Amino acid sequence: MNELDSELIRQKLISEGFIEVQDEKKAELILINTCSVRKKAEEKAIHFSRQMKNNNKTVVMLGCLAQHKGEELLKVSKADLVIGTRSYEKLIDILLDFERKSTKRAICEDLGIFQLKNRKVREGEFSSFVNIQHGCDNFCTFCVVPYTRGREFSRNAMDILNEIKQLEEQGIVEITLLGQNVDSYFDGKYDFSDLLKLIEDNTNYIKRIKFTSPNPRDMTMKVIKTIAQSEKIVRWIHLPLQAGSNRILRKMNRGYTKEEYIYQALTIRDIIKDVSITTDIIVGFPGESEEDFKETLDVVRNVKYDGAYMFKYSPREGTPASLFKEQVDNETKGRRLRELIDEVNKYIVERRKLMLNREFEVLIEGPSKKDFGYSVGKTFNNISVIVKGLYKPGTFIKGIVRGIKGHTPILEISGN
Ligand code: 5AD
Ligand code: SF4
């Protein structure tokens, strides 16, 4: 979501005559888009801002941290301007005003959602994010998003479709629909499954439709079936687990039980052929005992994820869980995280092996950074693979998986 916001802001600035430079040293103005989901992201953004101020740049802090901390951030980051997620509509005016008066200030007004009327695609770009929903009403007790992004709001389906059509006319072949809780998408007429079908039926050049993220408590059979029947919707579901213990899930306010989650994940595997399932997991939520943690490992064994983002719980100011007693010590969090990563990796390796000697169509993303002379691409179930040779980003190639390096399958072009 931040990546998309940064891109929209970049386009807005360029359309207003600002010039983008590749070398940060040559820039007069530095805009930093911040995330406040975990403490580390906050610290990095503040450190970078101070560093840029030491180099005499004009610094603007944007994003969730800006929205959440306002004036306080202005002080700690030494930035010149702090502009919250809901004030981007006024961004240009604020920048011009600063140029005249040099008054440092924090602006966190609610001016609504920032959206460009015309999306422009960069040279060579083939994949784009598209917002379908803003904010979140779920209030998971660990999460700062409902406070920084505001109430949940679904964009009009026709506006979304128009934006996607603008993108495909400029060469985009893959889109990723973004929302905090896409399954509760509803614009008064279309629900999430209707929206997926609308996009599928009304696009010509878009070959792949992805989305992130659903919430396990709201994912419907209708959506699962729509994906199973589609030739464009990528067979990948990111299904955030967060924790496996029912006691912890309740304290997190997640709205599902371990049993419901496992049943849903296995149903998805049953109905959507070759689906890959990835997840987010937090270890060390307040009060998490060794038994609770074992329940998380048990879900991993049942679902066998194709990938996972795993985090130590990070207390966020203003969220209920940050005030819960029984905070888990850092050493225990670290140990649980390592144990969890090992367990998740075992199943990733097992699942990757199932790809051996099978044919896949891959969308090339670019040259591999790690493997010289190889390209990286994604299968229709969103698994990254490498293939020998340098192919143009955005092209589709078919091949057979003949080997695996770490977690990465190696594809050989069919017919070779
Ligand atoms: N501490 C650790 N991880 C968190 N996440 C969200 N809030 C926190 C927190 N306070 C994780 C969740 C979420 C992902 C985007 O970040 O797993 O799904
Ligand atoms: Fe945060 Fe929960 Fe909303 Fe996800 S669903 S953004 S974890 S409050």
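**Close-up 1. The surroundings of ligand 1 in this predicted model.** In the predicted model, ligand 1 is surrounded by V37, R38, F142, Q242, D280, I282, F311, K312, Y313, S314 and R316. Two of these residues place a polar side-chain atom beside an oxygen atom of ligand 1: for Q242 the separation is 2.7 Å, and for D280 the separation is 2.6 Å. With S314 the atom concerned belongs to the backbone, and this polar backbone atom is 2.8 Å from a nitrogen atom of ligand 1.

**Close-up 2. The shell of residues around ligand 2.** Around ligand 2 are found C136, N138, F139, C140, F142, C143, V145, P146, Q180, N215 and R254. When these residues are sorted by class, seven of the shell are nonpolar, three are polar and one is charged.

**Close-up 3. The interface of domain 3 and domain 4.** Eight residues of domain 3 are in contact with five residues of domain 4. The size of an interface is often given as the accessible area lost when the parts come together. Between domain 3 and domain 4 the buried area is about 600 Å², and carbon and sulfur atoms give 62% of this area. On the side of domain 3, the residues that lose the most area to domain 4 are D274, S276 and R352, which together account for 67% of what that side buries.

**Close-up 4. Polar contacts and residue classes where domain 3 touches domain 4.** Three residue pairs are counted in polar contact between domain 3 and domain 4, with both residues of each pair at pLDDT 80 or more, whereas zero salt bridges are found across this interface. Helix α13 (residues 330-353) supplies five residues, the largest share of the side of domain 3 that touches domain 4. By class, that side of domain 3 has two nonpolar, two polar and four charged residues.

**Close-up 5. A salt bridge between E7 and R10.** A search of the whole structure finds 38 salt bridges, and one of the pairs that form a salt bridge is E7 with R10, whose closest N and O atoms are 3.0 Å apart. Because E7 and R10 are three residues apart in helix α1 (residues 2-15), they are separated by about one helical turn.

Definitions and conventions
Residues are numbered from 1 along each chain as its sequence is written. Chains are lettered from A and ligands numbered from 1 in the order in which they are written. This is a predicted model: local features need pLDDT of at least 70, side-chain atom pairs count only at pLDDT 80 or more; totals for chains, interfaces and linings use all residues. Side-chain values use heavy atoms; hydrogens and water are left out. Contact means heavy atoms within 4.5 Å. Buried area is the accessible area (1.4 Å probe) that two parts lose on being put together, summed over both. A salt bridge is a side-chain nitrogen of Lys or Arg within 4 Å of a carboxyl oxygen of Asp or Glu. A polar contact is a pair of N or O atoms within 3.5 Å; within protein, one must be able to donate a hydrogen and the other to accept it, and residues adjacent in sequence count only if both atoms are side-chain atoms. Helices (H or I, at least four residues) and strands (E, at least two) are DSSP runs, numbered from the N terminus. Ala, Val, Leu, Ile, Met, Phe, Trp, Tyr, Cys and Pro count as nonpolar, Asp, Glu, Lys and Arg as charged, and the others, Gly among them, as polar. A residue is near a molecule or strand if one of its heavy atoms lies within 4 Å of it.
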